[in-house]
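Have the sequence and the 3D view ready, and follow along residue by residue.

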Amino acid sequence: MTALDHIDAWIFDLDNTLYSGDARFFAQIDKKMTAFISDFLDVPPTEARVLQKQYLVEYGTSLSGLMAVHDMDPAAFLHHVHDIDLGMLTPDPSLRQGIEALPGRKFIFTNGSRLHAKNVGEYLGLYDLFDGVFAIEDTDYVPKPKHAPYEQFINAFDIDPARAFMAEDSVRNLEVPKSMGMSTLLITSDIDWSHEPKASRPHDGKNVPDFVDMHTSDLPAWLLALP
Ligand SMILES: [Mg+2]
């Protein structure tokens, strides 16, 4: 276990990190994106889906690609794709307990919208534990893993990366934080995510790269085991 005594800022991704990677829950967002893109570009859903995943890999998020290539207005897209049934998620009191016990400030840093972070965070009974939330509107819609949003984030909250920790399910989003000096925790998933492009799917925990300091498939248990 990497020593974490020096950490005073605990940063968490939202989707598939603060709830256990339930493929069915994220599939709702995924399907809504496909429908929106199909409608917006006036292409069949199969073609929309190819573009959706291509942009996800090339631009960090599908949204970012749609804005860059098709000059799309982000607001309607975000509103549409995050209007989902939260009932598939299960609040976990042990996760709340684990986050609450962390010494220092806590943050959510998500490629989703502010409203999505609030809706999901409140539904999970975690939202009030966080000192700040940084969402895609706060980065001019530039997503992780691009470098700029990480800089904006640490500047916005006056975070010293050498004393920061970041937890993420998307392995590529941990490379920049590690290069900045953060300690990194990868949340792995036992679920079959092979329907997602390799670059963006949650990691299975095998052959983790060097910029990953620690990994777990059970964030609540991992947090509660901290000294
Ligand atoms: Mg995630």
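## Starting from F109

Where is F109 placed? You will find F109 in strand 2, in what is a predicted model. F109 has 27 C-beta neighbours inside 10 Å, so it counts as buried. Leaving out residues up to four places away in sequence, F109 touches I11, D13, F134 and F153. P149 is 40 residues from F109 in sequence, yet the two C-alpha atoms are 9.5 Å apart in space.

## One step on: T110

T110 sits in the loop between strand 2 (105–109) and helix 6 (114–123). Is T110 buried or exposed? T110 counts as buried because 24 C-beta neighbours lie inside 10 Å.

The contacts of T110, again not counting residues up to four places away in sequence, are D13, L14, D15, A117 and A135. D138 is 28 residues from T110 along the sequence, with a C-alpha to C-alpha distance of 9.9 Å.

## Two domains

The chain is divided into domain 1, made of 9–19 + 92–224, and domain 2, spanning 25–81. Taken over C-alpha atoms, the domain centres are separated by 22 Å. How many residues of domain 1 are in contact with domain 2? There are 13 residues on the side of domain 1, and they meet eleven residues of domain 2. The domain 1 side of this contact comprises six nonpolar, four polar and three charged residues.

## The nonpolar cores

The largest nonpolar core holds 32 residues, and I11, F12, F107, A164, F165 and M166 have the most contacts inside it. At least two residues of this core come from each of strand 1 (9–12), strand 2, helix 6, helix 7 (147–156), strand 4 (164–168), strand 5 (183–187) and helix 9 (219–224). As a general background, nonpolar side chains tend to be buried together in soluble globular proteins.

Another core, of 13 residues, lies apart from the largest one and includes I37, L63, L66 and F77.

## Helix 2 against helix 3

How do helix 2 and helix 3 lie to each other, roughly parallel or roughly perpendicular? The axes of helix 2 (residues 45–59) and helix 3 (residues 62–70) come within 7 Å and cross at roughly 95°. The two helices are therefore roughly perpendicular to each other.

Helix 2 contributes Q52, Y55, L56, E58 and Y59 to this contact, while helix 3 brings S62, S64, G65, L66 and A68. By class, the residues of the contact are five nonpolar, four polar and one charged.

## Backbone details worth a look

Most residues other than glycine have a negative phi, and most peptide bonds are trans. Against that background, N16 is not a glycine, but its phi is positive, at about 65°. N16 is located in the loop between strand 1 and helix 1 (23–41). With 21 C-beta neighbours inside 10 Å, N16 counts as buried.

D158 also has a positive phi, near 55°, in a residue other than glycine. D158 lies in the loop between helix 7 and strand 4. Here the count is 8 C-beta neighbours inside 10 Å, so D158 counts as exposed.

Finally, which peptide bond is cis, with omega near 10°? This is the bond from K144 to P145. P145 belongs to the loop between strand 3 (132–134) and helix 7.

Terms used. Residues are numbered from 1 along each chain as its sequence is written. This is a predicted model: local features need pLDDT of at least 70, side-chain atom pairs count only at pLDDT 80 or more; totals for chains, interfaces and linings use all residues. Axes are lines fitted to C-alpha atoms, for helices over the stretch in contact, and angles run from 0 to 180 degrees between N-to-C directions. Helices (H or I, at least four residues) and strands (E, at least two) are DSSP runs, numbered from the N terminus. Angles under 35 degrees count as roughly parallel, over 145 as roughly antiparallel, 65 to 115 as roughly perpendicular and the rest as oblique. Two residues are in contact if their C-beta atoms, placed from the backbone, lie within 7 Å. Ala, Val, Leu, Ile, Met, Phe, Trp, Tyr, Cys and Pro count as nonpolar, Asp, Glu, Lys and Arg as charged, and the others, Gly among them, as polar. A residue is buried if 20 or more other C-beta atoms lie within 10 Å of its own, exposed if 12 or fewer, and partly exposed in between; C-beta atoms are placed from the backbone. A nonpolar core is a set of buried Ala, Val, Leu, Ile, Met, Phe, Trp, Tyr and Cys residues joined through C-beta atoms within 7 Å. Domain bounds come from an automatic or database domain assignment.
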